[in-house]
Every structure is written in C-alpha cells, then in structure tokens.
Amino acid sequence: MDYKRTIGLNHNESAYAIDEDTGEARKIPMHGNNIPADKTIFNQKGKFHKSYELAWDYLLDHLSDKEIRIVNMMSQMARMNSNSLEPLSNTSTITEIAETFKIHRNHVKKIFNNLLIHGVYAEFKFGAKGKIKQYWVLNPYISFKGKTISRALVDLFRETDIACLCVE
C-alpha cells in the first residue's frame, strides 16, 4: 500500500525513501515549482492586479464615463499591498487632482464626492511619529495589487455597496 505524507524541508535538504526490506535508499524527486507542465508564468515584468467583475458592473451602472475612467486611473496608481493612492489626500489641491486625472477643476468636487458616496475610495487619517498623516485608499473590492491583504484594509470597506456585492 502506498502512503503519502507531507514533510517540511529546508532549501538545502533532500528527501529519501528507504525500502525497509532491502535497505535501498532512493532520492525523492523534488519539483522546482508547482506550475503544471502545460502552463507558464505570463509577463513576469508586468504588474498584476485582481479586479472584481461585479464591482465594475456596479460602477458601470452608477458612474459616468468620466468617473469610470478616473476609477480605472486610481486602480492603476494604487500601491502594491496597501491600495494607497498616495500622494492623493484631503490636503491635495483641486488643481493637483484635476491635473492628475485630466479633468476640469470645476468638476473635481462633484466627481470625487460621488466616488466617495459610492465607496470607490476612503479618506484615511492617522497619527504616526508625532505627525498626522492622511491619504486616500482605493476600495480593494474594486481591484487590489498583492498576494495578501490586511484585514484592517478589508474592514474599512466592508459596508460599502461594492463590498456587499463581492462578498458571499
């Protein structure tokens, strides 16, 4: 009867199987990775991010074309693992925001209030090293760059309409 058991090895260790009847030892072949033979890693130099179809469907139904373009730009500029939109924050001027997103400065307040209402981003403010820091964070239920995510970040957006669509 064959048995399977998972064992942990350091990078410089190998596993051997010993036949208890004959004393013969054979090295157990180790695979260098877990990528199937008919697959490959695609575009290793490019950045990959997760995007949620239900969230984008919601945005397409509730936002204007200009607002969708801005959300897409925010998704591209979000930082890896934190979804921070630094340097954007409540201290950013209307002119800076208008230039960043290539929109008229008279439309900035209306557009970004609507994005905030729909839960596209959050305004995050905290104290660190004797200073108050603040920045915007993109809703990770829209898109997220990274392999793991902080529970605190997920919790910031848990009650948004977008999160309610994406969480089962």
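Predicted model: local features only at pLDDT ≥ 70, side-chain atom pairs only at ≥ 80, totals over all residues.

Where is Pro87 found? Select it: Pro87 sits in the loop between H2 and H3.

Residues are numbered from 1 along each chain as its sequence is written, and side-chain values use heavy atoms, with hydrogens and water left out.

**Stay in the loop**

Next, pick Asn81, which is in the loop between H2 and H3. Asn81 is not a glycine, yet it has a positive phi of about 70 degrees. Then click Asn83, found in the loop between H2 and H3; here phi is positive too, about 60 degrees, and again the residue is not a glycine.

Are these two buried or exposed? Asn81 is partly exposed, with a relative accessible area of 41%, whereas Asn83 is buried, at 1%. (Buried means under 20% relative accessible area, exposed over 50%, and partly exposed in between, using a 1.4 Å probe and protein chains only.)

**On to H3**

Select residues 94-101, which make up helix H3. Which of its residues are buried? They are Ile97, Ala98 and Phe101. Those three cover an arc of only 100 degrees around the axis, which puts them on the same side of H3; the arc is that of the directions from the helix axis to the C-beta atoms. An α-helix has 3.6 residues a turn, so residues three or four places apart point the same way.

What do they pack against? Show helix H2 (65-77), helix H4 (108-117) and strand E5 (131-138): the buried residues of H3 pack against these, with contact meaning heavy atoms within 4.5 Å. Just after H3, click Lys102, which takes a positive phi of about 55 degrees.

**Zoom out**

Finally, show the whole chain. You can count 6 helices and 6 strands, running β-β-β-α-α-α-α-β-β-β-α-α from the N terminus on. The C-alpha trace spans about 85 × 45 × 30 Å along its principal axes. Colour by burial, and 30% of the 168 residues count as buried.

Technical notes:
Helix = DSSP H or I, 4+ residues; strand = E, 2+ residues; numbered from the N terminus.
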